[in-house]
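Here's a quick tour for anyone meeting this molecule for the first time. Have a look at the sequence and the model, then read on.

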Amino acid sequence: MIIVPERSIAGLLSAADCFAAVEQVFASMARKSAYNFPVIREAIGHAGALYGFKSGFDRESLTLGLKSGGFWPSNMTKGLTNHQSTVLLFDADTGQCRAVIGGNLLTALRTAAASAISIKYLARDDAKVLGMIGAGHQAAFQLRAALDQHPFERVVGWNLHAEMLGSLGEIAAERGVPFEAVDLDRLGAEADVIITITSSFAPILKAAQIKPGTHLACMGSDTKGKQEVEAKLVSAATVFADEVAQSVTIGEAQHAVAQGLLAEVAIIEIGAVINGTHPGRSSAEQITLFDGTGVGLQDLAVASAAVERAVEAGIAFDVDF
Ligand code: NAD
């Protein structure tokens with residue numbers, strides 16, 4: 001059994017590796033070759049923790065496993081990150097445990113890959129301005145992956161806690177792209193692509209604030225009740241998702257669907273666009289919205305890539321298990 005510790009992940013996987021792994025598994029999901037098992041998430045009544053696991057199987061890559069972990073709100077005081085996760089991969093032919101991989105950085109990388117994939121397939125080719133709503137831990141990863149994916153000429157950002165926007169400004173500066181903190185009216189009016197990555201439970205961006213042709217990657221809503229954009233904006237858009245079942249229950253689309261503004265059957269799996277069975281954007285004026293809820297198969301795909309890279313680099317611990 002191979003062990004790839006958390007500390008080895010940085011430097012092991014490139015953004016391109018993560019992008020390719022997530023793109024492959026989204027495509028496999030749309031071909032019905034890969035599927036996620038029901039998610040378990042429980043408050044364990046200890047340390048204020050939320051614990052659970054996400055599991056799945058991709059028959060195309062024979063990737064079988066689970067990501068286990070959750071949220072421990074007091075970890076910061078112990079010098080640990082509040083979100084903790086570990087991936088276990090199993091041999092699809094024998095059920096033996098194949099690998100244990102640190103899952104914290106992988107979670108950030110696979111989430112960033114998802115919004116970048118949506119930009120590749122759904123944003124207008126002539127998009128110039130990227131809008132960022134949110135400036136926490138995950139926003140930095142989304143911004144880097146978006147700048148890797150598309151030649152944006154400018155970044156505008158808004159965050160409820162404006163003092164946090166400096167970190168995004170630094171990333172943009174590293175890439176030689178100008179960054180400006182703006183209000184939501186300006187962000188919506190200027191951005192061609194908008195990434196939302198906050199822990200908000202109430203709509204931040206309104207339908208009236210964005211312009212035709214915008215692509216939105218809504219990445220923060222991954223739990224029942226979370227919401228980043230007005231339900232009216234979701235219903236005005238053509239909606240794509242990593243997985244429709246999660247989109248309508250825990251994703252950004254949950255509110256529009258619950259209010260009868262959007263039909264579940266109207267939501268398109270992004271994998272269908274990757275596979276070419278759905279054309280994706282159909283006009284320059286169309287508003288597209290990717291509801292990235294985060295599926296277990298994304299974790300397994302990047303973990304599997306990390307194992308491959310660790311073996312190639314000779315840094316994987318191989319233990320008799
Ligand atoms: P974080 O705690 O580091 O940052 C939270 C961000 O939300 C900050 O920008 C903060 O200013 C903002 N915020 C907090 N309360 C707000 C409110 N009431 N209204 C508007 N903004 C508010 O968290 P993070 O790790 O950056 O994660 C951000 C979100 O993304 C979380 O909801 C998290 O669960 C989600 N997430 C989703 C995926 C996925 O696959 N879709 C993966 C990882 C994280």
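## Around the ligand

Let's start with M219: one of its polar backbone atoms is 2.9 Å from a nitrogen atom of the ligand. That's a polar contact, meaning a pair of N or O atoms within 3.5 Å; within protein, one must be able to donate a hydrogen and the other to accept it, and residues adjacent in sequence count only if both atoms are side-chain atoms. Keep in mind that this is a predicted model, where local features need pLDDT of at least 70 and side-chain atom pairs count only at pLDDT 80 or more, while totals for chains, interfaces and linings use all residues. Residues are numbered from 1 along each chain as its sequence is written, and side-chain values use heavy atoms, leaving out hydrogens and water.

One lies 2.8 Å from a backbone N or O atom of Q138, and an N or O atom in the side chain of N159 is 2.7 Å from an oxygen atom of the ligand. In total, 23 residues surround the ligand (each has a heavy atom within 4 Å of it). The closest are R110, N159, H161, D222 and K226.

## Helix α3 and its partners

Helices here are DSSP runs of H or I with at least four residues, strands are runs of E with at least two, and both are numbered from the N terminus. Helix α3 covers residues 104–122 and helix α4 residues 137–149; their axes come within 8 Å and cross at roughly 40 degrees. Axes are lines fitted to C-alpha atoms, for helices over the stretch in contact, with angles from 0 to 180 degrees between N-to-C directions. So α3 is oblique to α4, given that under 35 degrees counts as roughly parallel, over 145 as roughly antiparallel, 65 to 115 as roughly perpendicular and the rest as oblique. Residues in contact (heavy atoms within 4.5 Å) include L105, A108 and L109 of α3, and H137, Q138 and F141 of α4. Q138 is also the residue whose backbone sits 2.8 Å from a ligand oxygen.

Helix α2 (residues 15–30) packs against α3 too, at an angle of about 70 degrees with the axes 9 Å apart. That makes α2 roughly perpendicular to α3. Among the residues involved are C18, F19 and V22 of α2, plus L109 and R110 of α3.

## On to helix α5

What angle do α4 and helix α5 make? Their axes cross at roughly 25 degrees and come within 10 Å, with α5 spanning residues 166–174. That makes α4 roughly parallel to α5. The contact includes A139, A140 and L143 from α4, along with L168 and I171 from α5.

## A loop with T94

T94 sits in the loop between β6 (83–91) and β7 (97–102). A polar atom of its side chain is 3.2 Å from the backbone nitrogen of Q96. S200 is 106 residues from T94 along the chain, and their C-alpha atoms are 43 Å apart.
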